[in-house]
Structures are given as structure tokens and as C-alpha cells.
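Please look through the structure shown here and follow its parts in turn.

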Amino acid sequence: MSVPPSERRVLFLIADTGAGHRSAANAIHHAMRMLAESPALSSPRHAIPDHRSPARTSRVYDNSGWNALIVDAFVACSRFPLRKGVSLYGPAIKHSPRLYGQFFRITNSKSRFRTAWRFAKPFLYQGLAHLLLETQPDVIVSVHPLLNHITLQVLRDLDVRVPFLTVVTDLVSIHYSWMAPGVSECVVPTEEARRFAVSNGMPAKRVHLLGMPIDPKFAQPPAGTRAMLRAELGLDPDLPTILLVGGGEGAIGLGDAAMAVGLSDMPVQMVVVCGRNKTLYTRLQQARLRFRVPTGVLGFIQNMPDLMHAADVIVTKAGPGTISEAMACGLPIVLTGAIPGQEEGNIRFVSENELGMVARTPSAVLDALRELLTPCSPRLALLRANVGRMSRPEASFDIARLILKYLPPIGSPSAWARAQRSAAARRYRPRPGHLSRQPRQGLHTLNAAFTASRGRRRTLQGGRLLAVLRARTGDRSRRIARLTDIIGARALLLRSTSLGKGQLRRIHRPRRLDEDTAPTQSDDGM
């Protein structure tokens with residue numbers, strides 16, 4: 001795909017560890033498109049109108065002439081074993097949630113995260129540098145914590161000043177990896193997240209409490225009453241409706257809760273969304289023949305806003321995206337569990353703000369639903385009022401406006417074009433490819449190892465690759481990617497950390513192609 005030089009580009013960096021990061025990027029992109037198409041939405045903090053609202057003629061930002069690209073950085077840029085390791089997220093939260101929670105807590109400190117980051121850097125740095133050189137984005141938006149520090153490092157080494165924004169997609173339990181003080185702006189969803197960011201080195205003026213980005217469809221008012229929506233969806237318009245959602249993977253107590261409700265004698269109807277969990281979908285489809293409660297079983301769907309607006313209460317795990325979507329629809333929440341580590345704080349957030357109830361067992365789910373769905377239930381009315389007060393349905397539009405502020409004016413030189421005046425930039429040029437723009441004037445070669453073909457890069461292994469980098473880039477190569485293999489990762493890890501009593505000590509001098517590769521003794525004779 002060739003993009004005209006005049007068209008500005010926004011690069012979203014994500015990782016498909018669960019469905020939440022891609023959903024957040026898609027939500028912001030959708031909001032940006034709506035801002036471009038509807039001038040009435042361009043005014044900051046303007047109430048989101050429905051489809052019948054008249055459009056205004058003025059707009060605050062120039063929303064035309066830009067292009068957005070959403071990239072899974074670990075799939076597009078990383079190498080084995082990092083690429084395979086990231087793909088283990090889904091199986092880990094399904095089969096070993098406690099182990100995942102321990103890993104989350106162990107790495108959630110500055111020193112431990114930096115140790116893990118040094119290990120992962122050699123497997124991602126070079127591919128990410130290629131991606132940035134090929135796409136030449138005018139604004140970079142990260143919605144994944146593991147991509148913040150490495151992207152900033154690449155930008156510093158390229159000596160290109162591109163605005164870099166971080167959008168935190170966890171409500172309360174924030175991992176330290178989200179905190180990268182060098183970012184242009186950091187968007188957080190809750191006051192707890194804002195305090196965490198400021199206390200961990202983020203400048204307060206760069207932290208913006210805008211909310212969780214959700215699809216703009218959730219912010220649109222329903223087309224009719226709750227009874228009308230139920231009729232359109234094929235449900236009984238007069239029966240209270242329970243919506244059960246387990247996230248994209250359909251996990252954590254969803255099946256047991258659905259079985260308990262289905263076999264009860266409650267005067268309700270139920271809709272179960274299993275997501276991508278085909279095993280659960282098959283199990284409930286077979287079990288629904290024995291249910292006393294009218295039940296609809298669905299897989300991965302696209303009309304979740306309609307289902308939420310039609311329901312009276314939602315039963316789900318403590319996923320930040322689902323909680324924020326339910327709040328935008330004014331839907332009280334019953335939480336059945338949480339992924340250890342990153343979602344545990346969400347349970348406290350819901351219970352302390354009285355946005356819903358916590359029911360970890362099937363019997364507790366039934367008790368909570370009976371209390372909420374009693375006719376004229378005061379608890380249900382209280383939860384609905386609190387949900388409406390705490391909700392931030394316009395978050396995607398507010399984040400989109402913040403991103404659009406950083407786009408350069410049409411026709412002005414980009415940061416990549418201005419980098420021609422930097423001595424470092426003269427060593428770089430984008431590699432031809434399907435993501436490349438038209439080459440911008442003044443952008444030269446990165447180095448031969450970065451711009452070579454895939455086949456040639458595979459031949460430059462071990463010390464030879466490092467020697468070529470040093471020969472062509474000089475001392476600056478020490479700040480550029482090290483060896484993208486196990487040996488390089490181990491050396492980079494040991495370089496700045498003490499493991500036991502031994503520590504690898506390297507003499508910092510350029511190595512020649514013919515230099516002996518035998519290990520060098522340390523100063524103390526170890």
C-alpha cells in the first residue's frame with residue numbers, strides 16, 4: 001500500500017493478548033473516523049448526539065487527510081521465542097490463572113520489569129525499527145504496556161521526534177510497564193490509575209483522566225425502549241432479561257453461572273454470549289434443552305450494544321472493557337471472578353463505587369439476581385444511578401481529539417522529513433515494502449543490516465552481524481539492536497544485572513570481523 005506524502009498517518013501498536021487491546025484501538029479509530037465525517041462531534045467535550053441531531057458547520061480540528069494503521073507489533077516485529085511467549089496469554093488465563101497472576105505481581109516493579117525488558121528487547125527491537133521506518137507515522141498510539149518502553153528507545157535511537165501517546169486499558173490494577181515517563185501523553189481510565197501513574201514518575205500534566213475507550217456504538221442512545229429492543233432481538237418484551245458475558249474467550253465462571261440460572265425457577269429470560277469459547281457454546285446448546293428459563297446461546301457477536309441496552313443486568317467477569325461498556329449502557333453488573341493480577345482491582349472498583357455486586361459462586365449469582373430483579377427493586381435503582389454517574393461513554397471521542405491535536409498541519413514537513421538535519425537520520429532510509437510511504441526527502445540509509453533482504457539478514461548471524469553494524473554505524477551501534485537470538489539476549493541481560501555471584505563483563509570496544517571470539521577474562525580474574 002502506497003500512501004501519498006501529504007497524507008498523515010497514525011500508527012496504533014497493539015498485541016492480541018485477549019480481545020481488549022484491539023477493541024480499544026478499533027474504538028479510538030472508529031471515533032476518529034466519526035469526527036472526520038461529522039463536524040458536530042469535533043467540538044471538545046460536546047455531548048454525543050444521536051443520528052437525529054443536526055450537524056454544525058464548524059469543526060475544531062482538521063480531521064481530513066489522515067490514515068490509521070493498527071499493527072500487532074508482536075506478530076509483525078518480534079522473533080522467537082518472544083512471539084510464541086506472548087501467544088501463551090490466552091491459554092494461561094484459562095488453564096493457569098494463578099500462575100499468570102504470580103507472574104504479573106513478580107514483574108510489577110521498576111527493577112524487575114527492566115530486567116524482563118532487557119531480555120525481551122533483542123527479540124523485538126530490530127523488527128520494530130523496520131516497522132517505524134516503513135510506516136513513518138506522524139503519531140504513535142500504544143494500547144499495550146509491553147510496547148511503550150521499547151518504542152521510545154527506538155525513536156531515541158532513530159533521533160526522530162514523533163508524538164507518542166499511551167492509552168492505559170486497565171482500570172485499577174496497573175502494571176508498572178504502562179509507565180513510560182518519556183511519552184507525550186498518557187491517558188488513564190480512573191482516578192486510581194491517575195494516582196498510580198503520577199506516583200510512578202509520570203508528569204502530572206501529561207496524565208489525562210479520559211476513561212476507557214469503548215466502541216462509540218455503546219455511547220449512542222438506544223433507538224427505542226428496553227421492551228422494543230427485546231422484541232427486535234426475538235426476546236419476550238415483558239420478561240426481565242439477564243445477559244451473561246465471559247469476554248472474548250468466554251472464561252471464568254460463565255458456564256456454571258449459566259447452568260445455575262437456566263435450571264432455576266426465576267421468572268426471567270437469559271442470553272449467554274460465549275465469545276470464541278466453542279466448547280462452552282456446544283455445552284450450553286445441549287444443556288438449554290433442560291433449562292426452565294428461556295435461553296439464547298450465542299458465540300462471537302457484533303451487536304453487543306443492542307443486547308446490553310435490552311438487558312436489565314449483566315453477569316460477567318471483571319474485564320475492564322466489558323465493565324466500561326456495561327456502564328455506558330447504564331447496566332448494573334454482577335461479577336463472577338477476575339483474572340488474577342490485572343483484573344483483581346476491578347472487583348474492588350465495582351463494589352466500592354456500588355456499580356454492581358460480586359458473586360463468586362453459582363448460588364451467590366442466583367441470590368444477587370433475585371435481589372436485583374425483584375419488581376421495583378431499590379437496589380437495582382441505586383446501582384443504575386451510580387453506573388450512570390461514574391460512566392464515561394465519550395472516552396473514545398476525547399482520546400481521538402487528543403490524538404488529532406498532534407497531527408501536523410497538511411503540507412507541513414513531518415518529523416521524518418525534519419530528521420534530515422540530524423546526523424543520525426542520514427544513516428537511515430525506509431526499506432521498500434507494502435507498508436512504505438513515498439520516500440520523504442532527506443531520509444537516508446539506516447544501515448545495510450537493517451535494509452538488507454530477509455535472506456541476507458539471516459546470514460548475518462552472531463559476531464558478524466554485530467561487526468557489520470559497528471562498522472557501518474560507529475559507536476552509535478551500541479544503542480541500536482543487539483543480536484536477535486538467545487546468545488544476544490543473555491549477554492544483554494547479564495550486562496546490567498547481577499545473577500548469583502557471576503556477572504558477565506564485556507569490554508566496550510568495536511570488534512573486527514577477524515577478532516578472536518574467545519571469552520575475555522574479567523578484571524578480577526573470574
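Arg-379 is partly exposed, with a relative accessible area of 25%. In this predicted model, its side chain meets that of Glu-371 in a salt bridge, with 3.4 Å from N to O. Glu-371 also counts as partly exposed, at 37% relative accessibility. The count of salt bridges comes to eleven. Some of them share partners, and in this way Glu-191, Arg-194 and Arg-195 are joined into one network.

Arg-194 is partly exposed at 28% relative accessibility, and Glu-191 is partly exposed at 29%.

Another salt bridge links Arg-283 with Asp-256, and here the closest N and O atoms are 3.7 Å apart. Arg-283 lies in helix α12 (residues 278-287) and Asp-256 in helix α11 (residues 254-262), so the pair ties together parts that are 27 residues apart in sequence. Arg-283 has a relative accessible area of 37% and is partly exposed; Asp-256 is partly exposed too, with 44%.

Next comes a sheet. Strands of a sheet pair through backbone hydrogen bonds, either parallel or antiparallel. Which of the two is found here? The pairing is parallel, in an open sheet of six strands with the order β9-β8-β7-β10-β11-β12. The strands at the edges are β9 (295-298) and β12 (356-358); each has a single partner strand, so one side of each is left without a neighbour in the sheet. From one strand to the next, the twist averages 15°.

Strand β10 (residues 313-316) is joined to β11 by three bridges, and the two run parallel. Val-315 stands opposite Val-334 in β11. Helix α14 (residues 320-328) packs on the sheet, where it touches β7 (241-245), β10 and β11. The direction of α14 makes about 160° with that of β11.

Is Glu-343 buried or exposed? Its relative accessible area is 3%, so Glu-343 counts as buried, the cut-off being under 20%. Leaving aside neighbours within four places in sequence, Glu-343 is in contact with Lys-317, Ala-318, Gly-319, Pro-320 and Ala-338.

Helix α5 (residues 97-106) shows how burial can follow the sides of a helix. Which of its residues are buried? They are Tyr-100, Gly-101 and Phe-104. Seen down the axis of α5, these residues fall within an arc of 100°, so they line one face of the helix. Arg-98, Leu-99 and Phe-103 are exposed on the other side of α5.

Finally, consider the protein as a whole. It has 23 helices and twelve strands. Of its 526 residues, 54% count as buried. The protein exposes about 24,000 Å², and carbon and sulfur atoms supply 53% of this area. Among contacts between residues at least 6 apart in sequence, 68% join residues at least 24 apart.

Definitions and conventions
Residues numbered from 1 in each chain as written. Predicted model: local features only at pLDDT ≥ 70, side-chain atom pairs only at ≥ 80, totals over all residues. Heavy atoms only, no water. Buried < 20%, exposed > 50% of the residue type's maximum accessible area, 1.4 Å probe, protein only. Helix = DSSP H or I, 4+ residues; strand = E, 2+ residues; numbered from the N terminus. Arc of directions from axis to C-beta. Contact = heavy atoms within 4.5 Å. Areas by Shrake-Rupley, 256 points an atom, 1.4 Å probe, with all protein chains shown as cover. Pairing = 2+ DSSP bridges. Axes fitted to C-alpha atoms, helices over the stretch in contact; angles between N-to-C directions. Salt bridge = Lys/Arg side-chain N within 4 Å of Asp/Glu carboxyl O.
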